Protein chains: 2
Amino acid sequence: MHENAIIQLAKKFPHFHPEVQLGIGDDTAILGPLNQSSLLWTTDLLLEDVHFRRNYFSPEDLAWKALAVNLSDIAAMGGEPLAFTLGLGLPPEMDAAWIQAFFKALQAASEFWQVELVGGDTVRSSAKIVISINLLGTALHPTLQSGAQPGDNLFVSGSFGGAAAGLYCLENNLEGYACLKEKLLRPQPQLKAAQALSKICNRLALTDASDGLGRSLQLLCGPKLGCSILLEKVPCLPELKQLAEAENLSAWPWIIEGGEDYELVAALPPEQCAAAEKLGWIQIGSITPSPQIQIVSSDGSRHPLKETLGFQHF
Amino acid sequence: MHENAIIQLAKKFPHFHPEVQLGIGDDTAILGPLNQSSLLWTTDLLLEDVHFRRNYFSPEDLAWKALAVNLSDIAAMGGEPLAFTLGLGLPPEMDAAWIQAFFKALQAASEFWQVELVGGDTVRSSAKIVISINLLGTALHPTLQSGAQPGDNLFVSGSFGGAAAGLYCLENNLEGYACLKEKLLRPQPQLKAAQALSKICNRLALTDASDGLGRSLQLLCGPKLGCSILLEKVPCLPELKQLAEAENLSAWPWIIEGGEDYELVAALPPEQCAAAEKLGWIQIGSITPSPQIQIVSSDGSRHPLKETLGFQHF
């Protein structure tokens, strides 16, 4: 499929936002005015055989995920998505059907999330698929990772470990476990959960768990604070425990270190806990003044989260 | 070299613009307010063995070029660069010395062009280097490709064919021809030339010649207009003619179709010609009402620019 034909597919994407003055078709896109909002800017680079494999990622799943992982960063800032660019490297064997399916799904995702495709670069790659998305969003008051205080409560927007367990199933050709696989292939950016929480909190530290719950806790605590979380309070999918049992593995490394769940982790003052719970957020622990991350098992034993996040001993 | 060490290199880049509220270190970068300016957004994806080869692109040249090709798009809109993100895929064999040299040169280029690194994504690639840069700039009045009128004069900011001829030298291991190689390895985005021209013109159509002079002329003419250019007026480097003679090749395919010179091509009203020439712009022809691009040789013969830009018959 010729580059011009691909550009024609990209030009079909709809226009949603008056802030996008000019999309595809000149030397650059043009945006503005943005009024009082701050502009949020994020990017993720997805490489074949590093972040995904073609044999279990359909073009539809790949398009969804490439956009979703960037939307998750906008969610983590309490923002609204505005527009994105797509850098796409395609090896010569990618046929028109694959490319059309990818763009059709990307357009559907862009319509679903109301985020406009405004530019990009499509090139022939030598062997592997390359997907580089940059996404701009807006927020009146962006929610940073920093700002948590001792006594703040820790909340999450959903379940953990599913994506890592789904990857395990796909890499090992296990049948079933549809929910786990879906969690990896079709992550759901938590834009509305973040915006709702941001509205009720006068103080809020927020991040997304792209690199795992443990890493998100480190980011929220920073170098000076710590936290204590109750393992049994961390939500996980029923299939995760079934898989762990069937494979005779511990579920906790997936839950704590897994990554790619694209749920959010928040630290907020105790007086906002009830309101957060009403919005569907789930409390898993609290911020402590000493700089150690403690994971408390159901038997009451406490395990420090190691710097390396190696959980071999759980 | 671990990803965290690479992020530390990126965090050393200096801060220039008050519009960048937050760079690397949270879920997204934060920019704003942008006042009355429009935001310009461009991206280029550079893949090893498609756009460059490691054996003749040093890390320093690669860093410079990756930024320069994006800056050229901002120049083509008459804009000022503001900030950029870097998506970088590095195969496992890239050593610390290469990575440090790349980031040192990228930082030098970012300081030279006053454009801030505000985010990115560094990942391990399986075999080839991947570089994805997105760049934002600003302009009070962006200069579009469209808007040329019959009778407008066509101007260029510099010489053509050098980059393509430089590529020929490097691919064929020819010694010498330093100016041609430099044109490929170290393109100079014409930001100041564009801004100066934009100031003196009440009407201006402008684009960069990343895909060659012929393609730029097609973009400026659009489907309804044409142009006539005098081949001997198109500037080219003396080394280009030396190379063509030594290799017994025609120089014109490089000059018309070559691409990657990153010079600008402008269409502007006759009354601004003298002022444009004073700024160093070079007149090469004019816009005509009939939709055909005519290239006029020194003997007066006229050659239509074919749709395919195939110049085998010159």
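Modeller: A word on terms to begin with: domain bounds come from an automatic or database domain assignment. This is a predicted model, in which local features need pLDDT of at least 70 and side-chain atom pairs count only at pLDDT 80 or more, while totals for chains, interfaces and linings use all residues. Residues are numbered from 1 along each chain as its sequence is written, chains are lettered from A and ligands numbered from 1 in the order in which they are written, and side-chain values use heavy atoms, with hydrogens and water left out.

Biologist: Into which domains is chain A divided?

Modeller: Chain A has domain 1, residues 3-139, and domain 2, residues 153-304. Taken over C-alpha atoms, their centres are separated by 27 Å.

Biologist: How many residues of each are in contact?

Modeller: In chain A, 20 residues of domain 1 are in contact with 19 residues of domain 2, contact meaning heavy atoms within 4.5 Å. The area buried between these two domains is about 1,800 Å², and carbon and sulfur atoms give 57% of that. Buried area is the accessible area (1.4 Å probe) that two parts lose on being put together, summed over both. On the domain 1 side, Tyr56(A), Trp64(A) and Lys65(A) lose the most area to domain 2, together 30% of what that side buries.

Biologist: How many salt bridges are there between the domains?

Modeller: The count between domain 1 and domain 2 of chain A is 3 salt bridges, each being a side-chain nitrogen of Lys or Arg within 4 Å of a carboxyl oxygen of Asp or Glu. Lys65(A) forms one with Glu260(A), where the closest N and O atoms are 2.6 Å apart.

Biologist: Which elements give residues to the domain 1 side?

Modeller: α2 and β4 of chain A each give two or more residues to the side of domain 1 that touches domain 2. α2(A) gives the most, with 12 residues. Helices (H or I, at least four residues) and strands (E, at least two) are DSSP runs, numbered from the N terminus.

Biologist: Changing topic, how many residues does the contact take from chain A and chain B?

Modeller: That contact takes 52 residues from chain A and 52 residues from chain B. About 3,800 Å² is buried between the two chains, with carbon and sulfur atoms giving 62%. Asp27(A), Trp41(A) and Leu45(A) supply 22% of the area that chain A buries against chain B, more than any other three residues.

Biologist: And how many salt bridges does the rule find there?

Modeller: Across the interface of chain A and chain B the rule finds 0 salt bridges.

Biologist: Which strand of chain B does β2(A) join?

Modeller: β2(A) is joined by 3 bridges to β3 of chain B, residues 38-47, and the strands run antiparallel. Two strands pair if DSSP finds at least two bridges between them. Leu31(A) stands opposite Leu39(B) in β3(B).

Biologist: What about backbone geometry?

Modeller: Most residues other than glycine have a negative phi, and most peptide bonds are trans. The bond from Gly32(A) to Pro33(A) is cis, with omega near -10°, and Pro33(A) is found in the loop between β2 and β3 of chain A. In chain B, a cis peptide bond joins Gly32(B) and Pro33(B), with omega about -10°.

Biologist: Where is Asp49(A) placed?

Modeller: Asp49(A) is in the loop between β3 and α2 of chain A. Although not a glycine, Asp49(A) has a positive phi of about 70°.
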